Amino acid sequence: ESARSYIEGVLSGLQTAWSKYESTEADTEVVAVGGTAATLAAVSLEQRIFNPKTIHGVQLSRIWIENTISRMNGLEIAERRELMPFDPDRAEIIVAGALIVLIVLENLKADRVVVSNCGLRWGLITAAFPQLQQARIEQ
């Protein structure tokens with residue numbers, strides 16, 4: 001709860017932005033990139049060895065993220081390390097990272113996040129050139 005309060009406090013300056021981007025349509029997608037998103041996707045797929053090709057496009061529901069936070073928060077660091085598919089050192093930060101993703105989803109009133117293995121630049125390019133949105137990504 002204290003971590004949630006802290007993160008909400010840090011993100012409180014974004015309140016006016018939340019209303020601009022909050023999900024109002026069923027097909028609105030929230031996309032996450034980076035290590036936390038990749039780790040959560042790999043955990044959801046129960047990967048023992050990280051495969052970046054398989055995480056692109058994985059959808060994580062808000063409920064799954066909530067349940068994963070609860071489950072991982074109840075584990076010792078050594079037990080969490082066993083769940084980390086490619087970087088055991090993420091065991092120390094994955095709960096906080098997942099909590100940030102959850103709070104963003106709550107603020108955007110979105111039910112899920114789509115994991116992208118392409119990064120922010122790809123998102124900017126596809127926003128500028130919509131014809132690329134369906135392009136196949138090869139890693």
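The model is predicted, so local features are given only at pLDDT of at least 70 and side-chain atom pairs only at pLDDT 80 or more, while totals for chains, interfaces and linings use all residues. Residues are numbered from 1 along each chain as its sequence is written, and side-chain values use heavy atoms, with hydrogens and water left out.

**Overall architecture**

The chain contains eight helices and three strands, taken as DSSP runs numbered from the N terminus (helices H or I, at least four residues; strands E, at least two). Along the sequence these elements follow the pattern α-α-β-α-α-β-α-α-α-β-α. Of the 139 residues in the chain, 32% are buried; buried means under 20% relative accessible area, exposed over 50%, and partly exposed in between, with a 1.4 Å probe and protein chains only. The accessible surface of the chain is about 8700 Å², and carbon and sulfur atoms account for 53% of that surface; the areas come from the Shrake-Rupley method with a 1.4 Å probe. Among contacts between residues at least 6 apart in sequence, 70% join residues at least 24 apart, where contact means heavy atoms within 4.5 Å.

**The sheet**

The three strands form an open sheet in the order E1-E3-E2, with mixed pairing. Strand E1 (31-32) and strand E2 (59-61) are the edge strands, each pairing on one side only. Two strands are taken to pair if DSSP finds at least two bridges between them. E1 and strand E3 (residues 112-115) run parallel and are joined by two bridges; Val31 has Val114 in E3 as its bridge partner. Helix H5 lies across E2 and E3, and runs at about 70 degrees to E2.

**Packing around helix H3**

Helix H3 (residues 35-44) packs with helix H5 (residues 62-73) and with helix H7 (residues 94-108). Axes are lines fitted to C-alpha atoms, for helices over the stretch in contact, and angles run from 0 to 180 degrees between N-to-C directions.

| Pair | Angle | Axis separation |
|---|---|---|
| H3 and H5 | about 90 degrees | 12 Å |
| H3 and H7 | about 100 degrees | 10 Å |

H3 is therefore roughly perpendicular to H5, and H3 is also roughly perpendicular to H7. In this scheme, angles under 35 degrees count as roughly parallel, over 145 as roughly antiparallel, 65 to 115 as roughly perpendicular and the rest as oblique.

On the H5 side, Leu40, Val43 and Ser44 of H3 meet Trp64, Thr68, Arg71 and Met72. The residues of this contact comprise four nonpolar, two polar and one charged. Here Ala, Val, Leu, Ile, Met, Phe, Trp, Tyr, Cys and Pro count as nonpolar, Asp, Glu, Lys and Arg as charged, and the others, Gly among them, as polar. On the H7 side, Thr36, Thr39 and Leu40 of H3 meet Ile94, Gly97, Ala98 and Val101. That contact divides into four nonpolar, three polar and no charged residues.

**Individual residues**

Ile69 is placed in helix H5 and is buried, at 13% relative accessibility. Leaving aside its neighbours within four places in sequence, Ile69 is in contact with Val95, Ala98, Leu99 and Leu102. The C-alpha atoms of Ile69 and Gly97 are 9.5 Å apart, although 28 residues separate the two in sequence.

Most residues other than glycine have a negative phi. Glu46, which is not a glycine, has a positive phi of about 55 degrees; Glu46 lies in the loop between H3 and helix H4 (52-55) and is exposed, with a relative accessible area of 69%. Lys109 likewise has a positive phi, near 55 degrees. Lys109 is in the loop between H7 and E3 and counts as exposed at 51% relative accessibility.
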